[in-house]
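Please look over the structure shown below, and then read the questions and answers that follow.

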Amino acid sequence: MSKRTVIPFGPQHPVLPEPVHLDLVIEDEKVVEAIPSIGYIHRGLEKLVEKREFTEMVYVIERVCGICSFGHGWGYCKSVEGNMGIEVPERGEFLRTIWHELSRIHSHLLWLGLLADGFGFESLFMHSWRIRETVLDILERTTGGRVIFSVCKVGGVRKDVSNEELKGIADILEGIKKEFTTLSKVFLDDYSVKNRLVGVGVLSTAEAAELCAVGPMARASGVPLDIRLDGHGAYGRLDFEPVVETDGDCYARCKVRIREVYQSIDIIARLVATMPDGEIAVAVKGSPSGEFVARMEQPRGEAYYYSVGNGSKFLERMRVRTPTNMNIPAMVKTLQGCELADVPMLILTIDPCISCTER
Amino acid sequence: MAEGKHLIQKIVPVAVGDILNAVQDLKGDGYRLGQMCASKVKDEFQILYSFDKDYELMNLKAVVGEGAELPSITGIYWPAFIYENEIRDLFGFKFKNLALDYGGHFFKTAIPTPWNPQAAKEGGEDE
């Protein structure tokens with residue numbers, strides 16, 4: 001029988017983008033158990049509701065994450081708007097949906113770059129981030145910010161984008177599609193890339209359901225879960241199916257994210273073509289006094305935003321549950337039985353965001 | 001497309017003693033665990049369990065007394081260990097039969113159980 005050894009992995013490691021620690025119990029080169037530890041960057045952001053008015057709290061919630069910050073801001077606003085019975089004008093909802101889908105594209109491109117960097121394909125990493133840069137430029141031009149936009153507010157959005165500019169954005173994205181197709185062919189067809197991803201870290205459909213996995217992690221294992229289908233924002237006006245793969249390995253998770261970039265470009269084009277005119281926000285009167293659970297489909301999966309009001313300007317409770325929180329158990333499961341050398345790839349393919357998880 | 005489902009809010013009160021049965025029933029009905037959290041609303045502590053099926057939310061809410069020990073649902077939904085350890089670290093509630101217990105060391109906070117400092121004084125939480 002082989003000797004068991006415990007290898008501490010993280011929170012600082014050259015191929016680990018996030019501060020998570022794992023105690024890897026290994027036999028020879030195989031991982032037999034992985035015990036995760038987080039807690040290095042808990043910032044107590046939820047507790048700031050005691051010191052920030054509900055209209056200001058959106059800035060705090062946006063800072064839960066530096067990648068999917070817009071979605072967090074929108075999720076928070078959605079929860080407070082549900083709490084107060086506020087109906088956001090249609091144009092405001094369309095703009096929110098467009099910015100959210102742009103965030104998904106840049107997040108997936110960022111992830112693809114990190115993945116390429118993880119397996120040592122530097123030029124692929126740079127090309128992924130070069131394309132992402134174009135999306136960040138669109139965000140900067142329309143919101144003023146590249147990562148944290150602060151364009152979402154309770155009641156709607158702060159900035160309008162002209163219909164001409166929106167058409168221009170749809171054209172730019174159409175151009176990106178061509179470049180992205182060249183890039184995605186390398187991710188999906190290159191021998192050395194496939195060698196690192198195919199058959200690695202398999203999570204079956206039953207396991208994904210049992211472990212309550214969310215986002216691309218669940219969809220790559222054949223679970224068709226996509227919270228955009230609950231009809232919030234402008235998604236209720238669109239007809240689309242979640243991107244699902246069934247192999248459940250690292251390659252399938254990569255494929256889901258690549259296909260979702262195309263899907264997001266398509267969604268934006270359809271929204272631009274049917275963009276309604278009118279107001280972008282409504283005035284907010286009073287303060288929240290009830291409770292409301294809102295959900296978003298962030299680039300990494302389903303996120304929860306639970307607000308409890310007490311009739312004052314300060315919320316009693318604001319809870320954010322991020323997708324990585326729910327994917328840690330699935331990650332632990334996929335690590336069991338994998339080769340030690342595949343651990344970084346496996347962790348990367350859940351696209352972890354520990355900053356989100358700890359808040 | 002399940003239009004309008006995001007507006008449906010079902011929040012069902014549940015007694016602490018009935019949590020396990022209620023959660024077991026939901027699992028039997030095909031619900032997926034979405035999240036768990038504790039809240040301090042006025043002077044009362046509440047635990048909210050959120051479940052999802054076909055994009056419809058179902059929430060169970062239990063009102064708990066200070067320092068109460070709660071039944072762990074990790075025997076039914078193993079991933080709940082993430083939430084139960086978080087609640088223990090931030091609110092000081094302990095869970096009976098927790099499948100993966102970090103013993104109060106899941107999150108590292110400057111002060112123990114920041115949402116409920118009283119629990120740290122009474123329970124003598126480890127630093």
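Q: Is B:Lys94 buried, partly exposed or exposed?
A: A residue counts as buried if 20 or more other C-beta atoms, placed from the backbone, lie within 10 Å of its own, as exposed if 12 or fewer do, and as partly exposed in between. B:Lys94 has 18 other C-beta atoms within 10 Å, so this residue is partly exposed.

Q: What kind of model is this, and how are its residues numbered?
A: Residues are numbered from 1 along each chain as its sequence is written, while chains are lettered from A and ligands numbered from 1 in the order in which they are written. Local features need pLDDT of at least 70, side-chain atom pairs count only at pLDDT 80 or more, and totals for chains, interfaces and linings use all residues, since this is a predicted model.

Q: Which residues does B:Lys94 touch, not counting residues up to four places away in sequence?
A: B:Lys94 lies in strand 6 (residues 94-96) of chain B, where helices (H or I, at least four residues) and strands (E, at least two) are DSSP runs numbered from the N terminus. Two residues are in contact if their C-beta atoms, placed from the backbone, lie within 7 Å. With those sequence neighbours left out, B:Lys94 touches B:Glu69 and B:Arg88.

Q: Which pattern does chain B follow along the sequence?
A: Chain B has three helices and six strands. Read along the sequence, these elements follow the pattern β-α-β-β-β-β-α-β-α.

Q: What is the radius of gyration of chain B?
A: The radius of gyration is taken over C-alpha atoms, and the globule rule is 2.2 Å times the number of residues to the power 0.38. For 127 residues a compact globule would have a value near 14 Å, and chain B agrees with this, having 15 Å.

Q: Which strand of chain B gives the most to the side of chain B that touches chain A?
A: The contact takes 30 residues from chain B and 29 residues from chain A. On the side of chain B, strand 2 (32-41), strand 3 (44-53) and strand 4 (56-64) each supply at least two residues. The one that gives the most, with seven residues, is strand 2 of chain B.

Q: At what angle do the axes of helix 4 and helix 5 of chain A cross?
A: Axes are lines fitted to C-alpha atoms, for helices over the stretch in contact, and angles run from 0 to 180 degrees between N-to-C directions. Angles under 35 degrees count as roughly parallel, over 145 as roughly antiparallel, 65 to 115 as roughly perpendicular and the rest as oblique, and helix 4 of chain A and helix 5 of chain A are therefore roughly antiparallel to each other. The axes of helix 4 (residues 122-143) and helix 5 (residues 163-189) of chain A come within 11 Å and cross at roughly 170°.

Q: How many residues of strand 6 of chain A are buried?
A: Both faces of this strand are covered, with A:Val293 among the buried residues on one side and A:Phe292 among those on the other. Strand 6 (residues 291-298) of chain A is largely enclosed by the rest of the structure, because the number of its eight residues that are buried is eight.

Q: Which residue is the bridge partner of A:Val293 in strand 7 of chain A?
A: Two strands pair if DSSP finds at least two bridges between them, and strand 6 of chain A pairs with strand 7 (residues 301-308) of chain A in the antiparallel sense over eight bridges. A hairpin through two residues joins these strands. In strand 7 of chain A, the bridge partner of A:Val293 is A:Tyr306.
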